Structure formats: structure tokens, C-alpha cells
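Please open the model in your viewer and keep the selection tool at hand.

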Amino acid sequence: FSLPRLSRKDVLDHNLNRNYRCILGRETSIQNVEWVNDWPFLSGGGRAPSESFEIPDDEIILRDSAYELVTDFEESVLPLEMQTLRLPFEESVMSLTRHKGFLTLSGRDSPGSKQFQTVVGIRQKHFNFTAKTSVEFSPVNFQQMAGLMYRYNEDTFYYINITFNEDTSERVINLMVMDNGSLIIHNEMPIASERVFMKIHVNLDKVMFYYSIDENSWISLGNEYDATIISDEYIKPYYGFTGAFICLACHDWSGQKLDGKFDFFNYKKL
């Protein structure tokens, strides 16, 4: 998934080949630079980075070859890799002490809001990974949802979540797909268990979503979906600068600020 040198016309073409999309974002890059008058310049000169360069053997770092982030939220602070959306960590909204051993998220605005969403996540670091969590959540209306999100921005994301179907008066789990502002709900299923395990599995350009009530028997929410839409090159307007996030999220735009309790978070490179 390396991005070739494209003209502005190519980048703005709505039918840009999906194989040119960079699912790791533009922050995943490396290049030799030198500082001149307190400003970085490419060591080889010019404005375009080299397609390859040599690294001395003694500087090769292998520690990322088996990367895994595991947290059970027993500590008083979040792991350094985890970030909040727009607003800093607020104990009244994102608590590690309200329920010991849980990250408790109080729902605020909707998933499409550009203001006060309750979202905590990490940046996608690898082309192949799994991310898992479990959430306890008891919604009473359709405006309340909590779960695991694979997110670019408010207009483009996948969201496996627990919510409430007011037509059938039952808790359900579904996959919400927001594709450049177009929303589709996939595979809504009733679920009785208050605690639900959720998993995202990304394999290069494909992503799949699963849930379980015991973390052993996983049930797929549909077939493979397109992972490349979570990229700078796909979203509109073009030239984004966000990159993909895997997030724990809780939403409640009914104003009741319903809590979602997350027992753990696990991200593992495959």
C-alpha cells in the first residue's frame, strides 16, 4: 500500500484505485533529514522523499515485530498509546475509578458529532491486526450505543455497537457503517447478555467484525468489508490528515449520559 506520486487530478478523482489508499495514514513514514537554521530538510535535497534508503545494521529496531497492547484498566491512567477525541481525559466522563477495573465512558453526542463525543482509541499501527474488548451496556432508547469503532472521522467509520430497538423493545447488536456521510446499519441482532465481547480483524484491505458472549464462540457481523475507506485518500473532501483509529466509544444524545463499562482492550499485530 505504498502511494505513488500522483497528480492533483489523480488524487481528486472519485474513482481513485483502492490499491493506492494508505490505510496507515501519512504519519507512518520515515526519511533521513538534517536540520538547517532550526528547520528540517531532506538529507538528499529536494522536496520529494526517496523511495528507499539504507540503515546501518546496528540501528535496525526489531522490537515491533511482535507488537501487542493489552490493558485491563487496573491502572489509574490510560496507556500512553491511547488518545481521547478532541477533549482531554475528564474523570467525570471517562473514568478509571468509578468502577474499579473498568474504563467507564459516559455517552455524550452522536457518532456524527464534531463536538463532544466520548471516544478513546489508538492509531492503527499495522496492516494486519486484531482488536478486542468487552462492554457492559444497558440502553433504553435508540440514541444510546456503545462498542468498538474502526474510525477515520465523523463521516467515515465502522462501529460495532450495542443499542436499543424501540420497535421490538429489545437490546440489539449491529454494525453501523458510515461511508462518506452515507449511513447503513448491517446485521442487527437481538442480544440478551448485558456483557458482550467484540472483535475487529483487519487483513490488509479487508476488515471483519465479530461478537461473542463468552469470548470463545465468535459470531461474524456480515462478510468482509473494505478497510481502505478508513484512509486519507478515500474521504471527502480529500487531503485528510487523520489516519485510522481503533476506538472504545459510548454515545448517548438523549442527554441521559448512560455509562458503558469496558473491561479490557487488546490490540495485537498479526
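**Aromatic rings**

The model contains eight aromatic pairs, where rings of Phe, Tyr and Trp (its six-membered ring) pair if their centres lie within 6.5 Å; planes under 30 degrees apart count as stacked, over 60 as edge-to-face and the rest as tilted. Select Phe129 and Tyr150: this pair is edge-to-face, at 6.2 Å centre to centre and with 70° between the planes. The pair links distant parts of the chain, 21 residues apart, with Phe129 in strand 8 (residues 128-136) and Tyr150 in strand 9 (residues 144-153). Strands (E, at least two residues) are DSSP runs, numbered from the N terminus.

This is a predicted model, in which local features need pLDDT of at least 70 and side-chain atom pairs count only at pLDDT 80 or more, while totals for chains, interfaces and linings use all residues. Residues are numbered from 1 along each chain as its sequence is written, and side-chain values use heavy atoms, with hydrogens and water left out.

Is Phe129 buried or exposed? Phe129 is buried, with a relative accessible area of 0%, and Tyr150 is buried at 0% as well; buried means under 20% relative accessible area (1.4 Å probe, protein chains only).

**A charge over rings**

Move to Lys199, which lies over the face of Tyr210 at 5.1 Å from the ring centre. Lys199 also lies over the face of Trp218, at 4.6 Å from the ring centre. The criterion is NZ of Lys or CZ of Arg within 6 Å of the ring centre and within 35 degrees of the ring normal.

**Cysteines**

Finally, select Cys247, buried at 2% relative accessibility, and Cys250, buried at 0%. The model has zero disulfides, a disulfide being a pair of cysteine sulfur atoms within 2.5 Å.

How values were computed: Helices (H or I, at least four residues) and strands (E, at least two) are DSSP runs, numbered from the N terminus. Buried means under 20% relative accessible area, exposed over 50%, partly exposed in between (1.4 Å probe, protein chains only).
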